[in-house]
Amino acid sequence: MEIPAGFVMPDFGNTPAATGRRKMAFICSKGNLDMAYPALIMGNAALGEGVDVHIFFTFWGLDIINIKTNYRLKFTMAGNTAMHMPELARVRPGLEHVGIPQALGNVPGMTSMATAMMKRQMKDLGIPEVPQFLDLLQDLGAHMYACRLTFDMMKLNEYDLHPGVEGVINAADFIGISEGAQIVFI
Amino acid sequence: MPTNTLNGRTFDVDDQGFFTHREQWSEELAHDLASLIDLDLTDRHLAAIRFLRDDHAVTGATATLHRAQEVGGFPVGELCTLFPGKTAQKLAWLSGLPKPIACV
């Protein structure tokens, strides 16, 4: 059917032909819980918008796709001066904007506490945990790869990788795969 | 705010073209909208659309693809095949709902 004159409708882009599709490539180099989510969330959003998504996991980012580690990624307060606790507003209004003293981050148990807190906040927002998020990305058609050099360096096994990971590839392979993509390094 | 007319049916939309009044939607209108983007709505398309409308009636928000899978039981891979390209937006538009706000 012809689109009537003056008809206002969303821009769905052109037909999703393979040619001319937008492409994004993420490089995940960090293995902290809070550094795992950005690529997963943006990759998910991009896939929902019909964008091709490629994710390359390297260095500590390999922990995100290693099934022996990815369900227990951690968030630490140490070194994070932007760590606030919204709950402190109940103690005294304004405290929620005050950074937690750095020394507290090194107190035993603080990392577990901060991790549990972040996981709870994510759950409240309906965000899946990392392993389930990888399942989701796999179902949406994301292309995921492990970095050959760091995979060998850390003596990982292929059977420990999430099934959505297509392979262990080297840097040159990734440069080829990401041709024409917008690259996000995390 | 713009008003669209398609085959004698009138409905209000926002600047981007998404519905602003969900009650102005009907299944017949959805079929006509789908033909504008070269989609032929099957029972599976309509099942997903009905889920989004029912869910929106309860939550007041347009479901994301993740929610359609978790709560509605529609595999995201299937949704991407049914509504190729900008899946979440097409689904929301054909359901007569606003563009989804949530990130995941």
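Q: In chain A, what share of the contacts between residues at least 6 apart in sequence join residues at least 24 apart?
A: Of those contacts (heavy atoms within 4.5 Å), 73% join residues at least 24 apart in chain A. The model is predicted, so local features need pLDDT of at least 70 and side-chain atom pairs count only at pLDDT 80 or more, while totals for chains, interfaces and linings use all residues. Residues are numbered from 1 along each chain as its sequence is written, chains are lettered from A and ligands numbered from 1 in the order in which they are written, and side-chain values use heavy atoms, with hydrogens and water left out.

Q: How many helices and strands does chain A have?
A: Chain A has six helices and five strands, taken as DSSP runs numbered from the N terminus (helices H or I, at least four residues; strands E, at least two). Starting at the N terminus, the order is β-α-β-α-α-α-β-α-β-α-β.

Q: And what box do the C-alpha atoms of chain A fill?
A: Along the principal axes, the box of the C-alpha atoms is roughly 60 × 50 × 25 Å.

Q: How much of chain A counts as buried?
A: Of its 186 residues, 42% count as buried. Buried means under 20% relative accessible area, exposed over 50%, and partly exposed in between (1.4 Å probe, protein chains only).

Q: New topic: how many residues of chain B are in contact with chain A?
A: On the chain B side there are 33 residues, in contact with 26 residues of chain A. About 2300 Å² is buried between the two chains, and carbon and sulfur atoms give 68% of that. Buried area here is the accessible area (1.4 Å probe) that two parts lose on being put together, summed over both.

Q: Which residues of chain B lose the most area to chain A?
A: They are B:Leu36, B:Lys86 and B:Val104, which together account for 26% of what the chain B side buries.

Q: Which elements of chain B give two or more residues to the side that touches chain A?
A: These are strand E1 (3-6), helix H1 (27-36), helix H3 (65-70), helix H4 (76-82) and helix H5 (87-94) of chain B. The largest share, five residues, comes from H5(B).

Q: What does A:Lys68 pair with?
A: A:Lys68 and A:Asp160 form a salt bridge, at 2.9 Å from N to O. The pair links distant parts of the chain, 92 residues apart: A:Lys68 is in the loop between H2 and helix H3 (110-124) of chain A, and A:Asp160 is in the loop between helix H5 (148-153) and strand E4 (165-169) of chain A.

Q: Is A:Asp160 buried or exposed?
A: A:Asp160 is buried, at a relative accessible area of 10%, whereas A:Lys68 is partly exposed at 45%.

Q: And which residue forms a salt bridge with A:Glu129?
A: The partner is A:Lys119, with the closest N and O atoms 3.5 Å apart. A:Glu129 is in the loop between H3 and helix H4 (130-140) of chain A, and A:Lys119, 10 residues apart from it, is in helix H3. A:Glu129 is partly exposed at 37% relative accessibility, and A:Lys119 is partly exposed at 26%.

Key
Salt bridge = Lys/Arg side-chain N within 4 Å of Asp/Glu carboxyl O.
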